[in-house]
Amino acid sequence: MTESNYDEIMQLLCDRLSSLTNSNAQITPETNLISQLSIDSIKLLNLIMEIEDTFDVSIPINALTDVQTVRELVDLVYKIKTAS
Amino acid sequence: MNLLEKIDAAAAARIALLPNGVGAFGIPIEEVYSATEARIGDRRVLLLGTNNYLGLTFAPECIQAAHDAIDKEGTGTTGSRMANGSYFGHRALEREFADFYQCSSSIVFTTGYQANLGTISGLVGPGDTVLIDGDSHASIYDGCILSGADIIRFKHNDTADMEKRLRRLGNRIETTLIIAEGIYSMLGDQAPLAEIVRLKNQYGCLLLLDEAHSLGVLGETGQGLVEKTGLLQEVDFITGTFSKSLCSIGGFCVSNHPQLEQLRYISHPYIFTASPSPATIASTRAALELLRNGSHLRKQLWNNCTQLYSALKEAGYELGPDPGPVIAAVVDTPQQALLLWQRLLEHNIYVNLILPPAAPEGKSLVRCSVNAAHTRDQIQHVGDTFTKLFKEIN
């Protein structure tokens, strides 16, 4: 997968997170999903299902234990996508 | 933020949801009068928020069996099933569950929660996959987490979505366990079992069905959704609880796979806890007998379910898709749900309040649980009260 694909995942996730949280605040790679965006666990799990469908991958929800920021979520999706 | 400050923040969020000190969760019940009535504060209330589906909490056979067991065997086993906690009754109950489900193996656990925790964490492990319904009970999620297996969710009761995720698993399918529930506890809807079975056979994985809410409720002899659909032999593992239709506490797993027996030696939730007390086992055995022969109770239960579901539907409430013992009024906001819950209690009706994120899709629920001991007049009263309150909360 090329660098542009990583950027594509980042852009897509930022857009989706923005609409999910109805937030006017700018979402950056370092934005914390829980403390800054206040995404509850169910919203996050549903977002993962959307990401799975968008990129046609399986993302185990237990892998989310290491994810706190937008960048870490993008890293996870990118890693799974490139391995598939 | 330190550990205690984090807990304080969570407590503040909970208090903000329930203003004026309303104690909707863990409400103190002072006295229990019958399977349908109790005292809360100074109110004699109608119980519409218990899981006592067959109304057997005061069945004389169960009470007598529990008394006899205490007299003969004492109040507790004081040990694990693995050590000194496997009495005659525990083994007899396992044989009776195996017979009931026409299965070769059966294990009794100390709680229903542990039945899922112990079965799931015994069946799968790191490197395996569990494919679970998005609305699964917390005991299923926790069992999956304990197992270390990869957890993939599919949209609630959506078998097209499930198949998409099965397909993506590729060659990992042979180490995949699908998990569904007979009746889901939030909206009371049933799993599309025929289609789930078709997919599990097509892809070649195993299926676990949790019949916690459907045991005693569905099927001619009360086996649950497996009996209603005629698919008993197609489901690999069935779990369930004693704390609903069987009116005690405990859980079970049955299977025709002989490997189930091995779980006794590897499943921590089975090994590292005390076994159910003799009284619990004795009353459960008596209740299982009543459940198996309880087609008259199921008939009464379903009459009550249909009566209340129709009344609430007619009043304009949004409900789950299937009538059943779990009937949840779905409202848009926590404030509406709280108001409805409070007003019902003021009318001496106790129901369950479920707020986000526990309720699906950000909605809030006021959930009724109907039982076979409710009278037609009691159900009528509940339906009339909901109807009267509809305008007030909208």
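**Buried sites, domains and the chain interface**

Ile327(B) counts as buried because its relative accessibility is 1%, where buried means under 20% relative accessible area, exposed over 50% and partly exposed in between, with a 1.4 Å probe and protein chains only. The model is a predicted one, in which local features need pLDDT of at least 70 and side-chain atom pairs count only at pLDDT 80 or more, while totals for chains, interfaces and linings use all residues. Residues are numbered from 1 along each chain as its sequence is written, chains are lettered from A and ligands numbered from 1 in the order in which they are written, and side-chain values use heavy atoms, with hydrogens and water left out.

Ile327(B) lies in strand β11 of chain B; helices (H or I, at least four residues) and strands (E, at least two) are DSSP runs, numbered from the N terminus. Neighbours within four places in sequence being left aside, Ile327(B) is in contact with residues including Cys305(B), Leu308(B), Tyr309(B), Leu312(B) and Val366(B), contact meaning heavy atoms within 4.5 Å. The C-alpha atoms of Ile327(B) and Arg298(B) are separated by 16 Å, and these two residues are 29 residues apart along the chain.

Helix α12 of chain B holds Asn304(B). Asn304(B) is buried, since its relative accessible area is 2%. When neighbours within four places in sequence are left aside, the contacts of Asn304(B) are Val370(B), Asn371(B), Ala372(B), His374(B) and Ile379(B).

Chain B is divided into domain 1 (3–54 + 295–393) and domain 2 (60–292), with bounds that come from an automatic or database domain assignment. The centres of the two domains of chain B, taken over C-alpha atoms, are separated by 26 Å. In the contact between them, domain 1 of chain B takes part with 21 residues and domain 2 of chain B with 22 residues. The size of an interface is often given as the accessible area lost when the parts come together. Between domain 1 and domain 2 of chain B the buried area is about 1,700 Å², of which carbon and sulfur atoms give 59%; buried area is the accessible area (1.4 Å probe) that two parts lose on being put together, summed over both.

The count of salt bridges between domain 1 and domain 2 of chain B is zero, a salt bridge being a side-chain nitrogen of Lys or Arg within 4 Å of a carboxyl oxygen of Asp or Glu. Eight residue pairs, both residues at pLDDT 80 or more, are in polar contact across this domain interface of chain B. A polar contact is a pair of N or O atoms within 3.5 Å; within protein, one must be able to donate a hydrogen and the other to accept it, and residues adjacent in sequence count only if both atoms are side-chain atoms. On the side of domain 1 of chain B that touches domain 2 of chain B, two or more residues each come from α12 (295–315), β11 (326–331) and β14 (364–369) of chain B. The most is given by α12(B), with four residues. By class, this side of domain 1 of chain B has 14 nonpolar, four polar and three charged residues. Ala, Val, Leu, Ile, Met, Phe, Trp, Tyr, Cys and Pro count as nonpolar, Asp, Glu, Lys and Arg as charged, and the others, Gly among them, as polar.

The contact between the chains takes 16 residues from chain B and 14 residues from chain A. The area buried between chain B and chain A is about 1,300 Å², and carbon and sulfur atoms give 50% of this. Six salt bridges are found across the interface of chain B and chain A. Arg165(B) forms a salt bridge with Asp53(A), in which the closest N and O atoms are 3.3 Å apart. On the side of chain B that touches chain A, the elements giving two or more residues are β6 (150–154) and α6 (159–168) of chain B. That side of chain B has seven nonpolar, one polar and eight charged residues.

Ser214(B), in the loop between β8 (206–210) and α8 (225–229) of chain B, is buried, with a relative accessible area of 0%. The side chains of Ser214(B) and Glu211(B) are joined by a polar contact of 2.4 Å. Gln102(B) has a phi near 50°, a positive value in a residue other than glycine, and is exposed, with a relative accessible area of 52%. For Asn348(B), phi is near 65°, and the relative accessibility of 29% makes Asn348(B) partly exposed.
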